[in-house]
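Have the viewer open and follow along.

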Amino acid sequence: MLEDTIVAIATGRNEAAISIIRLSGPHVFEVMKKIFKKDLTKVKSHTIHYGYIRDGEEIIDEVLVNVYQGERTFTGENMVEINSHGGIFITNRVLETCIKYGARLANPGEFSERAYLNGRIDLAQAESIADLISAKTKTASHLALNGIQGKISLLIKGLKEDLIQIITQIEVNIDYPEYDSVEELTAESLLPLSADFMNKINKILENARSGKLIRDGIATVIIGKPNVGKSSLLNALLEEEKAIVTDIAGTTRDIVEGSINLGGIVLNMIDTAGIRDTEDIVEKIGVEKSKAMLSKADLVLLVLDGSQPLENEDQQLLDLTQSMNRIIVVNKKDQGVHIDIEGIQISAKNLDIEALEEEIKKVFQLGKLSHQEDIYISNIRHITLLESAKESVEKAIEAMNMGIPTDLIVLDLYDAWKALKDILGEEAKEDLLDELFSRFCIGK
């Protein structure tokens, strides 16, 4: 793969002032010499050159060409970026000309994959590039930048170093016994080091839940019986008429979705069909969908009609969501509150929802997340591997306490070590790389 010279449009495929066509590979300057009429091997790296892209004698476009030579490039190989005029037709003509004279169209994420394969970045940094592109808030972009800058990698390397200390104690003691027994070695050295490792990894995993919320947003389900104001609440939060609002119960029969930025975190809002017993086949399907959404929610907003006494359907929903992360929302306070229940009082119809927004920020500590300097791991692959490493060290600690021979204990520690290496991609298999980089956009 690295023997090919690849090309792709690095900017959006729409009309703009400028488009960037990116090339990378061992023969990039040979391709450019055929279409740019200038020997870019004789210019300085990281310089810009004016000229024309040609297909034979035909001038395609007037361009500026950025030249990057050697290993000091994003991909770790020779690169060129052609800055063309941003018309869709012209951009595609430049791309087609590059392909005609020797380049190959890049696969999704292939530039980042080459950066990884050439040792410019590790796998955690590569995945952070995709996270930055898809970030929807300032907080999410800051988290992704931490990953690109290698801060997550440093965190993982620190855990690896802690494991090395434990493994080294065991391996050295096997070859050069310093302690008279396994119990003495365990008590004086292995257990204290293992406890320190567990404290660190537990803190990282505890923060990981917050990191996942920053990256993916908070899945928020609005639930309640029909005609309590769920759709009005969704519209008020979104500040648009996303859902149909009428006085007729059962108007919302399917899932209605939307997203808002609250305190630097995205709330993925889902307005569900009102939950009640019904003989209407279509409404019944909507009710079943509503119940299914509850199992996927990070937050449940249970809406009650404050202007009416509690009914059996309200109580059933209170019981159903009791063990969930929920906020009880008492709506229609402008009509007077006639129920005795603790909850956040709002008037969705009058857009009086500030108290609810503040409660959501409080529940998820959104202000803290927006200004927190801690490094958050949010990638589910990283989290899964960290949990695997933790589980392996827990097995090792259990074996230490049971007095099992150290040459067996060290096997679990090596399993933890491998899980941490997999986060950085130090021994990544080809099929894993294909899967990860296929999720990137073309040109990155």
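Let's begin with strand 3 and strand 4, which pair in the antiparallel sense over nine bridges. Strands here are DSSP runs of E with at least two residues, helices are runs of H or I with at least four, and both are numbered from the N terminus; two strands count as paired if DSSP finds at least two bridges between them. Before going further, note that this is a predicted model, where local features need pLDDT of at least 70, side-chain atom pairs count only at pLDDT 80 or more, and totals for chains, interfaces and linings use all residues. Residues are numbered from 1 along each chain as its sequence is written, and side-chain values use heavy atoms, with hydrogens and water left out.

Now look at the surface. Ile48, Tyr50, Tyr52, Ile59 and Leu64 make up a nonpolar patch with about 480 Å² of accessible area together. To join such a patch, a residue needs over 30% relative accessible area and no salt bridge, and nonpolar side chains (Val, Leu, Ile, Met, Phe, Trp, Tyr) are linked within 5 Å, while like charges are joined within 9 Å. A salt bridge is a side-chain nitrogen of Lys or Arg within 4 Å of a carboxyl oxygen of Asp or Glu, and areas come from the Shrake-Rupley method with a 1.4 Å probe, with only the protein chains shown counting as cover for residues. Strand 3 (47-55) and strand 4 (58-68) each supply at least two members, with strand 3 giving the most, at three residues.

Leucine 64 sits in strand 4 and counts as partly exposed because its relative accessibility is 40%; buried means under 20%, exposed over 50%, and partly exposed in between.

What about isoleucine 82, buried or exposed? Isoleucine 82, in strand 5 (residues 79-86), counts as buried because its relative accessibility is 0%. Leaving aside neighbours within four places in sequence, its contacts (heavy atoms within 4.5 Å) include Leu64, Val63, Ile53 and Cys98. Valine 63 is 19 residues from isoleucine 82 in sequence, with 6.6 Å between their C-alpha atoms.

Zooming out, the protein has 15 helices and 12 strands, and 48% of its 444 residues count as buried. Among contacts between residues at least 6 apart in sequence, 67% join residues at least 24 apart.

How values were computed
Buried means under 20% relative accessible area, exposed over 50%, partly exposed in between (1.4 Å probe, protein chains only).
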